[in-house]
Amino acid sequence: CRPSGFDPYRKKGKPVIDTQELTNALEDAGFDVEPYSGRGMYGAECVSITIDSAGDLWELAYELAEQGVKVPAPSMDNLGRKYVAYWPSAKIERVA
């Protein structure tokens with residue numbers, strides 16, 4: 001039995017952010033937003049961006065702070081030469 005509002009993708013201490021708010025903020029900062037299914041998400045998709053280096057997250061944090069947007073730290077996966085930063089709590093629902 002899980003408590004009401006239980007989210008298996010929410011990490012302890014990371015607030016859940018509104019998907020549309022995050023998407024708008026990332027696009028306003030100049031990033032291309034894509035759906036991504038990270039490790040342990042079992043096919044569920046969330047908001048993500050592809051970056052060249054982990055240092056690009058500092059640029060993102062600065063851009064979002066200037067907009068007054070509070071965003072939890074993303075999860076990261078290495079794609080070889082690039083990285084994907086993704087927010088498991090910002091789920092993307094596919095409509096069939």
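Predicted model: local features only at pLDDT ≥ 70, side-chain atom pairs only at ≥ 80, totals over all residues.
Local features were kept only at pLDDT of at least 70 and side-chain atom pairs only at pLDDT 80 or more, while totals for chains, interfaces and linings use all residues. Numbering starts from 1 along each chain as its sequence is written, and side-chain values rest on heavy atoms, with hydrogens and water left out.

Leu26 has contacts (heavy atoms within 4.5 Å) with Phe31, Val33, Val47, Ile49, Leu60, Leu64 and Trp87, once neighbours within four places in sequence are set aside.

Thr23 belongs to helix α1, residues 19–28, and comes out as buried at 14% relative accessibility; the cut-offs are under 20% relative accessible area for buried, over 50% for exposed and partly exposed in between, with a 1.4 Å probe and protein chains only. Not counting residues up to four places away, Thr23 touches Val33 and Val47.

The Ser48 side chain reaches the backbone oxygen of Glu34 at 2.8 Å. Beyond four places in sequence, Ser48 also touches several other residues, among them Asp32, Val84 and Trp87.

The salt bridge count (side-chain nitrogen of Lys or Arg within 4 Å of a carboxyl oxygen of Asp or Glu) comes to one. This is Lys82 with Asp52, at 3.0 Å from N to O. Lys82 is in the loop between β3 (75–78) and β4 (83–92) and Asp52 in the loop between β2 and α2 (56–67), so the pair ties together parts 30 residues apart in sequence. Lys82 itself is partly exposed, at 39% relative accessibility.

Finally, the largest pocket holds about 150 Å³ of space. Its lining includes Leu57, Trp58, Pro72 and Trp87, and α2 gives the most to it, with five residues. Pockets here are open sets of points on a 1 Å grid over the protein atoms alone, where a 1.4 Å probe fits, with protein on both sides within 12 Å along at least five of seven lines; lining residues have an atom within 4 Å of a point.

Note on methods:
Polar contact = N/O pair within 3.5 Å; in protein donor to acceptor, adjacent residues only side chain to side chain. Helix = DSSP H or I, 4+ residues; strand = E, 2+ residues; numbered from the N terminus. Points joined across faces, edges and corners; volume = space filled by probe spheres on them.
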